[in-house]
Amino acid sequence: MAGAARTTEEHIVALAGGVGGAKLAHGLALARPDDPLTVVVNTADDFTLFGLHISPDLDTVMYTLGGIANPATGWGIAGDTAAALEMIGRYGGETWFWLGDRDLATHILRTERLRAGDTLTAVTARLAAALGIRAAILPMCDEPVATRVETPAGELAFQDYFVRRRQADEVRGIRLQGIEAASVPPGVAAALARATVVVLCPSNPIVSIGPILAVPGFRERLRAVDAPVVAVSPIVGGAALKGPADRMLASLGHEVSAVGVARLYQDFLDGIVIDQVDASLASRIEAMGIAVHVTDTVMRDEAGRRALADETLAFAARLRTQVGA
Ligand code: FO1
């Protein structure tokens with residue numbers, strides 16, 4: 001940035017799940033193209049289909065940062081076709097999970113490398129590098145973890161609940177199968193140790209950010225981070241912008257608002273960005289010892305992603321000065 005008045009380099013760590021998280025992660029990459037950005041991504045949505053290892057949230061972040069995400073859905077690849085899936089349907093196979101032809105290439109290569117013994121961290125780094133992505137996209141752990149959703153119809157696998165049954169079931173509980181055996185990967189630990197800001201993206205706090213925080217040792221590391229930790233609320237005006245986060249918070253007994261989100265992160269959170277329609281909630285959050293920044297948090301386009309990222313980083317910088325960190 002020749003000639004521009006640059007402050008010191010930021011080491012940005014973002015925690016993200018699916019589409020909303022990927023958009024802000026993209027905004028951070030656009031806002032600070034020269035600064036190191038690490039995106040730690042939920043992998044508890046991962047599952048096996050047709051023998052292939054699918055990592056929906058990793059791919060959503062990767063395609064978004066790589067500029068090839070489908071703009072209509074936020075997941076999958078722009079302009080992708082479904083010839084393979086159509087043929088699978090002709091054979092009588094399952095077609096409830098929409099897998100594009102180009103997207104399948106990602107799953108095929110990921111599965112091949114995992115079977116050869118590479119870690120998910122290594123495989124993701126290789127795929128992201130091939131797409132020309134500068135940011136480090138890191139899975140929350142390398143061990144398999146699977147979100148199981150407790151509903152009146154019984155316990156469901158996450159994608160069964162989310163895609164096949166279209167989030168229609170009431171969520172009575174969440175179980176993270178395999179989480180006890182998971183550990184914070186070395187790259188994630190190193191990124192947190194040198195972070196100058198940690199941003200919790202506006203992803204579902206229960207099933208997107210929740211699993212990342214549940215990796216043994218992660219939450220403790222976040223509490224010990226020597227930098228402002230700020231979140232962007234995914235709940236705006238009492239509703240989730242996308243997905244079932246609002247209904248999930250309600251059925252699990254949480255307040256469906258930025259206050260409810262702040263409470264879930266209270267033990268490590270320094271500040272939260274909330275939408276202007278929720279300005280009246282600020283005093284209740286501040287009473288919890290958490291700083292609040294009010295702005296337009298709805299990311300309508302690329303400029304909106306970048307603007308929200310800029311504001312979030314500026315807010316964090318003010319907090320850093322206040323605490324003298
Ligand atoms: N979400 C859907 O609602 N329907 C789909 O058919 C679907 C397919 C799909 C394929 C690849 C991929 O990476 C993501 C896909 N998603 C689909 C999104 C994804 O399952 C969810 O949004 C996340 O798991 C929640 O974060």
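**Ligand site and pockets of the predicted model**

The helix α2 contributes the largest share of the lining of the largest pocket, namely five residues. Here a pocket is, on a 1 Å grid over the protein atoms alone, an open set of points where a 1.4 Å probe fits, with protein on both sides within 12 Å along at least five of seven lines, and lining residues have an atom within 4 Å of a point. Helices are DSSP runs (H or I, at least four residues) numbered from the N terminus. The structure is a predicted model, in which local features need pLDDT of at least 70 and side-chain atom pairs count only at pLDDT 80 or more, while totals for chains, interfaces and linings use all residues. Residues are numbered from 1 along each chain as its sequence is written, and side-chain values use heavy atoms, with hydrogens and water left out.

The largest pocket has a volume of about 930 Å³, a volume being the space filled by probe spheres set on the grid points, which are joined across faces, edges and corners. Its lining comprises 42 residues, of which G18, V19, W75, F162 and K242 are the closest to the centre. At least two lining residues come from each of α1 (19–31), α2, α4 (101–115) and α6. By class, the lining of the largest pocket consists of 22 nonpolar, 14 polar and six charged residues, where Ala, Val, Leu, Ile, Met, Phe, Trp, Tyr, Cys and Pro count as nonpolar, Asp, Glu, Lys and Arg as charged, and the others, Gly among them, as polar.

The ligand sits in the largest pocket, the criterion being that more than half of its atoms lie within 2 Å of the grid points. The ligand is surrounded by 13 residues, with D45, D57, F97, W98 and Q159 the closest; a residue is near the ligand if one of its heavy atoms lies within 4 Å of it. Within this shell, α6 (158–164) and α2 (56–65) each provide at least two residues, and α6 gives the most, with four. The shell contains eight nonpolar, two polar and three charged residues.

The side chain of D45 places an N or O atom 2.8 Å from a ligand oxygen atom, and a polar side-chain atom of D57 lies 2.9 Å from an oxygen atom of the ligand. For W98, a backbone N or O atom is 2.8 Å from a ligand oxygen atom. The protein covers 88% of the 530 Å² of accessible area (Shrake-Rupley method, 1.4 Å probe) that the ligand has on its own.

How values were computed: A polar contact is a pair of N or O atoms within 3.5 Å; within protein, one must be able to donate a hydrogen and the other to accept it, and residues adjacent in sequence count only if both atoms are side-chain atoms.
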